[in-house]
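Colleague: I am new to this structure and would like to learn how to read it, feature by feature. Could we begin with the contacts between charged side chains, and then move on to the helices?

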Amino acid sequence: MERFFGGNPGLVLIRLAILSLVVGVLLAALGFSPFDIIDSLRRLIARIYDMGFAAVEKAMRYFLLGAVIVFPVWLVARVLKLVGHGSRSDVLDANSRNREA
């Protein structure tokens, strides 16, 4: 249970309660209410639904735009890691041989 909560469950729940209280006070000071947030989320979902396939097309464009950069950088990083890892193992083998002697 501690592994799931990231610590003692009782203490984690107390921290969450205190943090919720502090954030609630701050949001109330800024003039927000829980109903405003829920209504904003509802309107966001309605707008996305109303946009229909235009939203999906726009999301795919963003995905492809990001993928043009992300995937090549990832591939280069993987290749450099493999190349760098091979040379490190040679150094480690040489050091371990020196220790044995």
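Modeller: A salt bridge is a side-chain nitrogen of Lys or Arg within 4 Å of a carboxyl oxygen of Asp or Glu. By this rule the protein has 3 salt bridges. Please keep in mind that this is a predicted model, in which local features need pLDDT of at least 70 and side-chain atom pairs count only at pLDDT 80 or more, while totals for chains, interfaces and linings use all residues. Residues are numbered from 1 along each chain as its sequence is written, and side-chain values use heavy atoms, with hydrogens and water left out.

Colleague: How should I read pLDDT here, and which helix has the lowest mean value?

Modeller: In general, pLDDT is the predictor's confidence in each residue, from 0 to 100. The mean for this protein is 82, and 84% of its residues reach 70 or more. Among its elements, helix α1 (residues 2-5) has the lowest mean pLDDT, 76, whereas helix α2 (residues 9-29) has the highest, 90.

Colleague: How many helices and strands are there in the protein?

Modeller: Helices (H or I, at least four residues) and strands (E, at least two) are DSSP runs, numbered from the N terminus. This protein has 4 helices and 0 strands, so that its pattern along the sequence reads α-α-α-α.

Colleague: What span should helix α3 have, and what is the distance between its end C-alpha atoms?

Modeller: The expected span of a helix is 1.5 Å times one less than its number of residues. Helix α3 (residues 34-51) has 18 residues and should therefore span 26 Å, which agrees with the 26 Å between its end C-alpha atoms. Helix α2, with 21 residues, reaches 30 Å from its first C-alpha to its last, close to the 30 Å expected. After α2 comes Gly31, whose phi is positive, near 90°, and after α3 comes Gly52, with a positive phi near 60°.

Colleague: Which residues are linked in a network of salt bridges?

Modeller: The general idea is that an α-helix has 3.6 residues a turn, so residues three or four places apart point the same way. In this structure the network links Asp39, Arg42 and Arg43. Arg42 meets Asp39 at 3.0 Å, N to O, and these two lie 3 residues apart in helix α3, about one turn of the helix. Arg43 also forms a salt bridge with Asp39, the closest N and O atoms being 3.3 Å apart, and this pair is 4 residues apart in α3.

Colleague: Is Arg61 buried or exposed?

Modeller: Buried means under 20% relative accessible area, exposed over 50%, and partly exposed in between, with a 1.4 Å probe and protein chains only. Arg61 is exposed at 57%, while Glu57 is partly exposed at 44%. Asp39, at 31%, is partly exposed, as is Arg43, at 37%. Of the 101 residues of the protein, 3% count as buried.
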